[in-house]
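Me: I have a structure open and would like to learn how to read it. Can we go through it feature by feature?

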Amino acid sequence: MAANNFRHALFCAFITLIISYPIIGFNLEAQGINVTLTGADASTIVMVLLAALIVFLFQMFREQIMGGLKSIPHPLPQSNKEPMAENRRAKIESWVLTGIVIFALFWPFLVSRGSVDLATLVLIYIMLALGLNVVVGLAGLLDLGYVAFYAVGAYTFALLSQYTGISFWLALPIGALLAALFGLVLGFPVLRLRGDYLAIVTLGFGEIIRILLNNWTTLTGGPNGIGGIPDPTLFGMEFGRRVKEEGNTSFHETFGIAYSGEHKVIFLYLIALVLAVFTALVIRRFMRMPVGRAWEALREDEIAARSLGLSRTAVKLSAFTIGAFFAGFAGTVFASKQGFISPESFVFLESAIILAIVVLGGMGSQIGVVLAAIAVTILPELAREFSEYRMLIFGAAMVLMMVWRPQGLMPMRRIHIELKRQE
Amino acid sequence: MQDLLYFSQQLINGLTIGSTYALIAIGYTMVYGIIGMINFAHGEIYMIGAYTALIAITGLASLGIAWLPLILIVALLCAMLVSSSMGWAVERVAYRPVRGRHRLIPLISAIGMSIFLQNYVHLAQGSRNIGFPALIDGGFNFGSGDGFQMSLSYMQITIFITTLICMTALSLFISRSRTGRACRAVSQDLGMASLLGIDTNRIISATFVIGAALAAVAGLLLGMYYGSVDPLFGFIAGLKAFTAAVLGGIGSIPGAMLGGLILGVAESMTSGYLSGEYKDVISFSLLILILLFKPTGLLGKPEVEKI
C-alpha cells in the first residue's frame, strides 16, 4: 500500500512538473518576426519545483490530510442546532434585505465618485446575475450566451437614441422587451434540446450576435462601437452642465444648487438600485407563483413534472424569456452608464463571469447571488496588485465550487411548510 | 477553367483546416462517448500543445539544430507529452470528483477549467500573439499565365499526411488493441464494463490522454499553418471542433473525421464565395441547425430516452 502510494505521488509530482515547467519556465519573446526563448528567473523555477513537492506530499499523505481536515470541528457551532423556523427565518431575511436597501439608498452621498461608479457596475451585475439565476438556477437551463441579451438591450438603446433620439426611460422597456423577444425566438426551437447541447447552442448564438455586431458596420459601427448615448433624465431635467435637448431643464438650475458632476453619477446609481430591487422583487414573486414552482419541478425531474401535466416548452420558454428580459434591462442601464458601447463588452467571458456569480452564490438563491455579485466585482478592485490573476482565480473557483460545494456559498432554501409537532 | 481552379483552391484549403478540426474533434467525441460530458477545456489543451511546440522549436533553433525532421519530431513529441499530461491532470482534478453528478456540474467545472488554463498561459506567456516560424514553405502551383493560380503548399500536404497517419493509428488502436477494446466496451456500458473487470478509471484517463495528444498534433500543425499563436486561439478552434464532432454524430470517431472535413470545406467555401468575416457565423449556424434537426449527427446512433 505504502509503495503504491509512493509511486502514485511520484507520478503526480512528475506530471505537475511536465505541465508547468515548459509553459512557466520558458518565456517566448517576439522581437519583430524573430521569436527568442529565455529561461525564467530562478525564483519562478523554485516555485515550480515547490509546487511539484507540494503535490507529492499531498498525494503521499492524502489520507492523513483528509482525515485531519474532517476532524476539525465545524466553525459554526450553530449548525448542529435545529434550523430556525421557516417563517421566522424569512422574516429576518426580509428585514435584513430592507435594511441593506435603505443603507444603499443613502450610501452614495457619503463616499467618493469612484466608489459610486463601481457600485453602479455592481448593481448591473446583480441584475444580470438575478436574471441568469432564473434560467440556470431555477429552471436548470445552462445558458452560455446570456450576454447576447445584454447586448440586445444595450444596442437597442444606443441605436434608437442615435436614429430617433429616444430617451432613457422609453428605451428601458423597449430594450428589455426586445431582449425578451430575442429570448422567445431563440428559445422556441432550442429548448427541446438536452442540457449540454442547449449550453453549446446558446454559446453559438451569443457568438453569432457578437460577430454580427462586429461586422455589420453600417448599422452598429462595427468594432468602433456607438458613442454619445444620452444620460437618463429626471422628469425632463438633465444632469449635464448645459441642456442638450430642447424643452429640458437642467437639474442644478431647477434646484438652484451648484453644478456638480457627481449628481449624474449618483442619479445613475439610484436608477440602477431601483431597477435591481425591482428585478429582485419581481423574480421573488415569480418564484412563489405556480410558474416558479414549475421551473424547479422541471429542473428536478423532467419526466415526473411532465407526467403531472406541465408543458415543458411553455415553462422553459417563460424562464428563458424572463431571464432575457432582465438582461435587456441591465444592458440599457449599462449603455447609459458608459455612454459608449462596442462589441468588446459582450464577449463570451462576460457570460462566463455572470455564470460564475450565479454558481458561486448558490444556484437559485437570491441573497447568495447578490452577495457573490458584490464580491466578484469588488474584490478585484480592492486587490489591484492581484487583478491580473482575477480570471485565473475565477476559473479555479468555479472548478473548486463544483467539486466541493456545488450548491454554492449560500444555497437556496426551498419554500416548504413544516407541520407543527403535536404536543 | 478559372472557376474550377478557384473552387479547387477553396476545397484544398477547406480540407486542410477540416482535417485539423477532425483531429481536435476526436478528443471531444471520445470523451463524450464514454462519460457523456463536453470537455470544454479541450480547446485550451490544443492551445497548450501549440505553445509547447513553439517553445520546443525555438529552443532547438537556439541550440543550433537545423535538421527539419528532427525539429518537427521533437516538437511534436514535446507537445504531445505536455498536452496529454495536461489532459490527464485536468480529468483528475476537475472532472473525476464531479463525475456522475447532475449534468450541469461537470460542464460548469469544465468551463472553469477552460478559463483557468487560458489565463494560466496568458500569465506565463503574455497575451500578445507570437509568430510561429513557417518551417515548411514552398509548394506546387497550378494554372498558368496571369489567371488565378491554384497552390498546394508542402505545409498542406504535411497536414494531410500527418492527419492520415494519426487517424489510421487511432483506428488501429481502437479496433485492435486491448485498451482500445476496453475503450469501446466502456463507451457502450460503463457499469457493465466495470463489472467485467475493466478498470474504468484507467480507461477514462486514457481517453483524455489520447484526445489531448491528438489535439497537440493539431496544435503544432495549425500553429505552423496560421503562423501565430495566442492564449485565446484555443477557444474558437475548440468550438469549431465541437461543431465538427456534433456534425458527424458525437460519440462516433469516423463521424468526427467526416464532420471535421465537411465543416472545414463549408467554412472555406463561405470565405471564398461570400465573405471571410462571416465564416464563424456559418459554422455556428450549422451547429445550431444540426442540433435542432438531426441531433444525432451524420453517423451517430439515435439515443433512446430511458425512463
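Reply: Gladly. The backbone oxygen of Thr158(B) lies 2.5 Å from a polar atom in the side chain of Thr162(B). Keep in mind that this is a predicted model.

Me: Where does Thr162(B) lie?
Reply: Thr162(B) belongs to helix H5 of chain B, which covers residues 154-176.

Me: Is Thr162(B) buried or exposed?
Reply: Buried means under 20% relative accessible area. Thr162(B) has 17%, so it counts as buried.

Me: Which residues does Thr162(B) touch?
Reply: Leaving aside residues up to four places away in sequence, Thr162(B) touches Val217(B) and Leu221(B).

Me: Let's step back to a whole chain. How many helices and strands are there in chain A?
Reply: Chain A has 17 helices and 4 strands. The chain runs to 423 residues, and 45% of them are buried. Now look at its contacts with a separation of 6 or more: 74% of these join residues 24 or more positions apart.

Me: How do I read aromatic pairs?
Reply: Two values describe a pair of rings: the distance of the centres and the angle of the planes. Over all chains, this structure holds 25 aromatic pairs. Take Tyr150(A) and Phe346(A): their centres are 5.4 Å apart, with 80° between the planes. Planes over 60 degrees apart count as edge-to-face, and this pair is edge-to-face.

Me: Which parts does the pair of Tyr150(A) and Phe346(A) tie together?
Reply: Tyr150(A) lies in helix H6 (residues 146-163) of chain A. Phe346(A) lies in the loop between helix H14 (312-338) and helix H15 (348-361) of chain A. The pair therefore ties together parts that are 196 residues apart in sequence. Tyr150(A) is buried, at 2% relative accessible area. Phe346(A) is buried too, at 2% relative accessibility.

Me: Which residues form an aromatic cluster?
Reply: Tyr146(A), Phe149(A), Phe205(A) and Phe320(A) form one.

Me: And salt bridges?
Reply: Look for a side-chain nitrogen of Lys or Arg within 4 Å of a carboxyl oxygen of Asp or Glu. Over all chains there are 9 salt bridges. One of them joins Arg312(A) and Glu302(A), at 2.9 Å from N to O. Arg312(A) is in helix H14 and Glu302(A) in helix H13 (residues 302-307), so this bridge ties together parts 10 residues apart in sequence. Arg312(A) is partly exposed at 21% relative accessible area, and Glu302(A) is partly exposed at 24%.

Me: With which residue does Glu302(A) form a salt bridge at 3.6 Å?
Reply: That is Lys316(A). The pair links helix H13 and helix H14 of chain A, 14 residues apart. Lys316(A) is buried, at 7% relative accessibility. Salt bridges with shared partners also join Glu296(A), Arg299(A) and Glu300(A) into one network. Within it, Glu300(A) and Arg299(A) meet at 3.0 Å, N to O.

Me: How do I size up an interface?
Reply: Interface size is often given as the accessible area lost when the parts come together. Chain A and chain B bury about 5500 Å² between them, with 78% of it on carbon and sulfur atoms. Ile23(A), Leu28(A) and Tyr197(A) supply 13% of the area that chain A buries against chain B, more than any other three residues. In contact terms, 58 residues of chain A meet 64 residues of chain B.

Me: How many salt bridges are there between chain A and chain B?
Reply: The count is 0. Polar contacts between chain A and chain B number 5 residue pairs, with both residues at pLDDT 80 or more.

Me: Which elements give two or more residues to the side of chain A that touches chain B?
Reply: Among them are helix H1 (2-25), strand E1 (26-31), helix H7 (168-190) and helix H8 (195-215). H8(A) gives the largest share, 13 residues. By class, that side of chain A has 44 nonpolar, 8 polar and 6 charged residues.

Definitions and conventions:
Residues numbered from 1 in each chain as written. Chains lettered and ligands numbered in written order. Predicted model: local features only at pLDDT ≥ 70, side-chain atom pairs only at ≥ 80, totals over all residues. Heavy atoms only, no water. Phe/Tyr/Trp six-rings, centres within 6.5 Å; stacked < 30°, edge-to-face > 60°. Buried < 20%, exposed > 50% of the residue type's maximum accessible area, 1.4 Å probe, protein only. Contact = heavy atoms within 4.5 Å. Buried area = accessible area lost by both parts, 1.4 Å probe. Polar contact = N/O pair within 3.5 Å; in protein donor to acceptor, adjacent residues only side chain to side chain. Nonpolar A, V, L, I, M, F, W, Y, C, P; charged D, E, K, R; others polar.
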